[in-house]
Amino acid sequence: MGVRVGVDLVTVADVAESVAEHGDRYLSRVYTEAELADCRTGDRVDATRLAARFAAKEATIKVLREFVPWSSIEVRRSPAGWVEIGLHGRAADSARAGGLSEFALSLTHEGGLASAVVVASYAPASRDGA
Amino acid sequence: MKDRIRAVLADQGRLPLPVESIDDADDLYAAGMTSHASINVMLGLENAFDVEFPDRMLNRSVFSSVDSIAAALNELCSESIA
């Protein structure tokens with residue numbers, strides 16, 4: 001049993017520009033409905049929160065070591081404010097095949113940048129079945 | 001097709017160097033394109049070529065070079081004709 005770690009850093013202004021230029025097409029292709037609900041304040045969507053979630057998706061891809069659709073990785077927010085990673089579809093398949101479980105996530109943002117760190121337990125399949 | 005792909009990359013790729021200096025097989029991420037910028041490239045390509053990338057193509061590797069983008073677009077265009 002070991003661990004894998006991934007980290008990513010995203011410029012919030014880049015995300016804000018994508019929202020302004022591509023709108024719902026951008027949002028729906030990258031983020032899940034639950035993520036968008038967590039990032040909405042009234043009628044507007046918070047680019048800083050989106051950027052942190054995109055960083056989490058990229059950090060997770062680094063842990064998986066396989067490129068999967070961004071929307072198959074979901075940042076889930078508890079009522080208390082803590083966040084965790086949820087995997088769907090290809091991301092879930094990739095984690096299962098790669099022996100990865102117990103994903104843990106931390107997000108932060110400051111000075112126009114958002115960052116995420118993802119850690120997962122790694123148990124490679126035994127060749128002899130032991 | 002590749003000229004139109006380059007036009008989208010110039011508009012959406014936020015590359016730190018002129019797109020004319022990038023060869024067809026060059027790694028766009030190594031050239032400075034971020035993963036996030038690749039989403040803008042994808043949406044720009046959809047506008048330019050009137051296609052929609054399916055979920056199976058929504059990943060970093062499809063947008064890693066002019067050649068890989070052209071291959072994906074050729075596949076999508078052939079599917080729409082079939």
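## Exercises on a predicted two-chain model

About 40 Å³ of space lies in the largest cavity. The model is a predicted one, in which local features need pLDDT of at least 70 and side-chain atom pairs count only at pLDDT 80 or more, while totals for chains, interfaces and linings use all residues. Residues are numbered from 1 along each chain as its sequence is written, chains are lettered from A in the order in which they are written, and side-chain values use heavy atoms, with hydrogens and water left out.

**Exercise 1.** Describe the lining of the largest cavity by residue and by class.

*Solution.* Begin with the term: on a 1 Å grid over the protein atoms alone, a cavity is a set of points where a 1.4 Å probe fits but cannot get out, and lining residues have an atom within 4 Å of a point. The structure holds 1 cavity of 30 Å³ or more, a volume being the space filled by probe spheres set on the points. Next, list the lining, to which chain A gives A:Glu58, A:Ile61, A:Phe67, A:Val68 and A:Trp70, and chain B gives B:Ser35, B:Asn59 and B:Arg60. Finally, sort these residues into 4 nonpolar, 2 polar and 2 charged, where Ala, Val, Leu, Ile, Met, Phe, Trp, Tyr, Cys and Pro count as nonpolar, Asp, Glu, Lys and Arg as charged, and the others, Gly among them, as polar.

**Exercise 2.** Determine how helix α1 and helix α3 of chain A are set against each other.

*Solution.* Helices here are DSSP runs of H or I with at least four residues, and strands are runs of E with at least two. For α1 (residues 12-30) and α3 (residues 47-64) of chain A, the axes come within 10 Å and cross at roughly 75 degrees. α1(A) is therefore roughly perpendicular to α3(A), the class that covers 65 to 115 degrees. Contact means heavy atoms within 4.5 Å, and the residues that make it include A:Val15 and A:Val19 of α1(A) together with A:Leu50 and A:Phe54 of α3(A). By class, this contact has 10 nonpolar, 1 polar and 1 charged residues.

**Exercise 3.** Work out the strand order and the pairing of the open sheet of 3 strands in chain A.

*Solution.* Two strands pair if DSSP finds at least two bridges between them. The order is β1-β7-β6, with antiparallel pairing, and the edge strands are β1 (2-11) and β6 (100-110), each of which pairs on one side only. β1(A) pairs with β7 (residues 113-122) of chain A over 10 bridges, with A:Gly6 standing opposite A:Val118. Between β6(A) and β7(A) there are 9 bridges, and A:Ser106 stands opposite A:Val117. The hairpin of β6(A) and β7(A) has 2 residues between the strands, and A:Gly111 takes a positive phi near 60 degrees there.

How values were computed. Axes are lines fitted to C-alpha atoms, for helices over the stretch in contact, and angles run from 0 to 180 degrees between N-to-C directions. Angles under 35 degrees count as roughly parallel, over 145 as roughly antiparallel, 65 to 115 as roughly perpendicular and the rest as oblique. On a 1 Å grid over the protein atoms alone, a cavity is a set of points where a 1.4 Å probe fits but cannot get out, and a pocket is an open set with protein on both sides within 12 Å along at least five of seven lines; lining residues have an atom within 4 Å of a point.
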